[in-house]
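Thanks, everyone. Let me put the structure up, and then I'll walk through it.

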Protein chains: 2
Amino acid sequence: MRDKRSGGPPQPVTRRAFWSRSGALLMAGALPGAAQSAVDPELPESMRVQGRPVLSPPYGQPSVHEADVVRSVFPGTPTALSAASLTPLHRLHGIVTPNGLVFERHHAGVPDIAPERHRLLVHGMVERPLLLTMDDLLRLPAVSRFHFLECSGNTQLEWKRPAETVQRSHGLLSCCEWTGVPLSTVLDEVDVAPGAAWLLAEGADAAAMTRSIPLEKAFDDALLVYAQNGEMLRPEQGYPLRLLLPGFEGNANVKWLHRIKLAREPFMTREETSKYTDLMPDGTARQFTFMMEAKSVIVRPAGGQKLRGPGVYEIFGFAWSGRGRIRRVDVSLDGGRTWEIARLDQPVLPKCLTAFRMSWQWNGAPLVVQSRAVDDTGYVQPTRDELMAVRGANSYYHYNAIHGWKIGIDGAVTHARA
Amino acid sequence: MRDKRSGGPPQPVTRRAFWSRSGALLMAGALPGAAQSAVDPELPESMRVQGRPVLSPPYGQPSVHEADVVRSVFPGTPTALSAASLTPLHRLHGIVTPNGLVFERHHAGVPDIAPERHRLLVHGMVERPLLLTMDDLLRLPAVSRFHFLECSGNTQLEWKRPAETVQRSHGLLSCCEWTGVPLSTVLDEVDVAPGAAWLLAEGADAAAMTRSIPLEKAFDDALLVYAQNGEMLRPEQGYPLRLLLPGFEGNANVKWLHRIKLAREPFMTREETSKYTDLMPDGTARQFTFMMEAKSVIVRPAGGQKLRGPGVYEIFGFAWSGRGRIRRVDVSLDGGRTWEIARLDQPVLPKCLTAFRMSWQWNGAPLVVQSRAVDDTGYVQPTRDELMAVRGANSYYHYNAIHGWKIGIDGAVTHARA
């Protein structure tokens with residue numbers, strides 16, 4: 001039964017199929033001793049020796065058996081300072097990205113900032129400029145919210161050639177519980193001058209990362225963030241303070257934030273003129289394309305993995321939208337001809353990763369698996385053809401087309417266009 | 001204004017009060033240069049030198065400036081193997097406890113288990129015993145859910161004498177996103193024999209930790225968990241497999257789970273006879289008191305901290321209930337005479353930590369701050385007198401009374417009963 005390859009259409013699996021088809025089921029009597037006695041006569045080694053003491057170490061670390069679950073450097077990075085590292089999405093299991101695995105993007109390395117010396121200056125078109133210490137910020141009314149963070153350059157390789165693994169193609173994506181002060185709280189206090197419509201956010205890194213942000217977003221849901229996943233920000237995430245603009249491209253979420261200046265017009269910094277713009281087919285460029293549109297990707301099975309023969313698997317992936325909640329994720333097992341609705345882990349939160357799952361019985365025949373996100377504005381993740389029809393082939397940022405993996409007859413998983 | 005101590009009743013603060021009373025506000029002209037020029041003439045050191053490269057290290061670590069945010073050993077622990085370590089709740093900022101800070105409780109140390117050699121045996125009063133590998137389990141339909149985990153011995157010191165810090169009193173408490181297979185999925189398959197009503201869960205540690213669990217809970221929301229906060233379980237949390245019983249006392253959530261045996265009656269193991277029972281005033285003992293009732297604690301300000309003089313602070317704490325969602329958290333600033341409703345971070349999830357917050361203006365007068373949780377069954381966290389009236393003074397586990405901190409005239413925070 002396990003090696004039979006049916007020619008029929010692939011279909012989602014019922015729960016029962018796992019047990020009847022997988023090699024996991026051992027009937028009574030087939031168990032070597034264990035099922036008959038109250039205690040397994042062959043005790044595992046871990047039950048024969050005492051284990052490690054508590055606090056080894058005081059700040060805990062992953063198992064040595066998980067040593068390969070790490071970030072990897074972004075391919076083609078010119079230097080290790082102006083560089084990026086990628087989250088191993090194929091090894092994640094929920095919407096929280098552990099802080100040690102959150103992707104990095106730095107333009108001049110990770111600065112070391114002592115929190116007691118850090119200041120946030122708010123000035124420009126305001127009635128009362130402010131200079132805030134971290135202690136000041138920690139005393140203000142705060143809030144924690146779960147949001148994804150994605151570099152607009154995520155999946156940039158997809159415009160041209162397919163990436164081999166999902167860490168390579170989609171790894172500039174993470175999701176955390178962020179804690180901080182609503183930026184509106186501080187803006188309400190400085191008394192924004194009439195006519196001000198933009199702010200400049202500047203980082204205290206050696207690149208002086210600067211982006212112009214519409215005040216409308218600043219008053220909406222922007223946060224001055226000092227903590228992620230319950231603890232203070234990691235150095236590479238902007239310790240001790242960063243801007244968080246839920247749903248906006250990663251680069252605009254300025255890290256090591258030390259200055260906010262209000263003005264009438266955007267500041268036209270390097271990061272919004274020569275970079276982070278989208279070249280359109282007619283030769284013009286879209287600027288200030290902050291919004292990360294709805295997108296999804298299957299992370300298991302994914303490129304570089306190999307299925308161990310026909311049987312039951314769980315398809316697992318992430319969907320997200322900068323505009324709000326994910327309403328639905330569809331999965332296709334036949335290259336986009338038909339679609340099934342995937343299960344979503346709860347809670348489904350706005351501007352947050354949503355995990356989707358589908359049990360699936362692989363009959364051994366080659367196929368293409370794909371996922372398609374729909375958000376609560378009704379936006380449907382486009383096909384590659386639909387995306388290229390609007391954006392052309394010369395873009396670099398904001399690729400969000402439906403992505404697929406091809407599973408070969410040997411179980412090897414490769415990019416659907418490879 | 002900042003040093004004025006009013007004799008009036010303490011009250012929650014309005015947002016405006018922070019700015020008018022704190023020392024944070026610098027008016028235009030009072031800023032040394034920075035407000036007048038586009039770039040601060042005294043650039044911080046971090047903007048003058050390149051920072052660290054990416055992947056330093058590949059699995060990231062907290063800032064060196066947060067080196068004191070670690071677990072600490074439980075006071076009175078007889079050995080480092082049968083021991084516990086405590087989560088630094090006073091340094092947390094959201095409902096996710098970072099994996100490195102999740103509290104520990106081991107009875108024979110932390111075993112090292114290679115996942116490829118680990119097995120889960122399901123046997124006893126079942127029609128078809130099962131022996132599952134980790135690969136088998138990872139193929140089954142899974143789910144991720146956020147749940148708190150609390151040792152029933154948490155706040156045990158409170159029965160007698162007050163603990164000095166919140167890490168000491170309440171640190172056997174953490175909260176994670178857990179991922180795994182519903183236990184009901186596996187139980188459905190083994191075909192439970194008529195009359196079976198309990199299961200034994202056994203860990204593969206040298207203590208062979210064993211607890212009896214009602215089948216009703218197993219079929220309700222129990223999970224066979226292999227991941228926490230997006231990555232595989234930490235060794236001290238049961239790598240590669242643990243039982244998770246949302247809302248039940250920590251000890252029953254057996255780690256390094258390798259055996260489940262079904263039976264008609266509970267197994268009366270050491271951990272449910274000589275330990276983990278509650279001695280009542282009449283000399284009898286309550287057994288199998290799994291449920292963690294509604295509870296809350298303020299973690300900032302908390303014992304061992306010192307307020308830096310009158311001004312605005314944010315009161316921050318956690319509330320939770322093993323029975324469901326937190327409906328409301330009340331905060332008292334006058335030792336329990338009057339109560340205000342705290343703000344709750346969203347989402348408020350069942351059997352999960354809920355973060356509550358209240359802005360507060362300290363006028364410099366001594367006072368007692370307290371919190372009180374109400375869950376969606378209508379259960380109200382009891383006062384110490386109410387709890388003692390039912391439970392007496394000889395209990396060890398399941399203390400969940402309202403907890404308070406006293407703030408002295410010098411800003412020093414101590415236990416309300418100290």
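In which sense do strand β1 and strand β2 of chain A pair? Antiparallel, over 2 bridges. Before I go on: this is a predicted model. Back to the strands. β1 of chain A covers residues 72-73, and β2 of chain A covers residues 83-86. Within that pairing, A:Val73 sits opposite A:Ser85 of β2(A).

β2(A) has another pairing to show. It runs antiparallel to strand β3 of chain A, residues 104-106, over 3 bridges. Here A:Ala83 has A:His106 in β3(A) as its bridge partner.

Now the domains. The domain assignment for chain A gives two entries: domain 1 is 99-283, and domain 2 is 295-415. Taken over C-alpha atoms, the centres of these two domains of chain A are 28 Å apart. Their contact draws 24 residues from domain 1 of chain A and 23 residues from domain 2 of chain A.

Which elements supply at least two residues each on the domain 1 side of chain A? They are β6 (143-150), α3 (166-170) and β14 (278-279) of chain A. β6(A) gives the most, with 3 residues. By class, that side of domain 1 of chain A, facing domain 2 of chain A, has 13 nonpolar, 8 polar and 3 charged residues.

Next, the core. In soluble globular proteins, nonpolar side chains tend to be buried together. The largest nonpolar core here has 205 residues. Which members touch the most others? A:Leu137, A:Leu224 and A:Val299, along with B:Leu137, B:Leu224 and B:Val299.

Take A:Leu224 as a case. Set aside its neighbours within four places in sequence. Its contacts are then A:Leu137, A:Gly180, A:Val181, A:Leu183, A:Val186, A:Leu241, A:Leu243 and A:Leu257.

Last, the two chains. Two copies of a chain are related by a rotation about an axis and a shift along it. What are the values for this pair? Chain B superposes on chain A with a rotation of 180° and 0.0 Å of shift along the axis, at an RMSD of 0.0 Å. The two copies are therefore related as by a two-fold rotation axis.

How many residues does each chain bring to the contact? Chain B brings 103 residues and chain A brings 103 residues. On the side of chain B that touches chain A, the classes are 59 nonpolar, 24 polar and 20 charged residues. And 100% of the interface residues of chain B are also interface residues in chain A, so the copies meet through the same surface.

Definitions and conventions
Residues numbered from 1 in each chain as written. Chains lettered and ligands numbered in written order. Predicted model: local features only at pLDDT ≥ 70, side-chain atom pairs only at ≥ 80, totals over all residues. Domains from an automatic or database assignment. Contact = placed C-beta atoms within 7 Å. Helix = DSSP H or I, 4+ residues; strand = E, 2+ residues; numbered from the N terminus. Nonpolar A, V, L, I, M, F, W, Y, C, P; charged D, E, K, R; others polar. Core = buried A, V, L, I, M, F, W, Y, C linked by C-beta atoms within 7 Å. Buried ≥ 20, exposed ≤ 12 C-beta atoms within 10 Å, placed from the backbone. Pairing = 2+ DSSP bridges. Least-squares fit on C-alpha atoms with pLDDT ≥ 70 in both.
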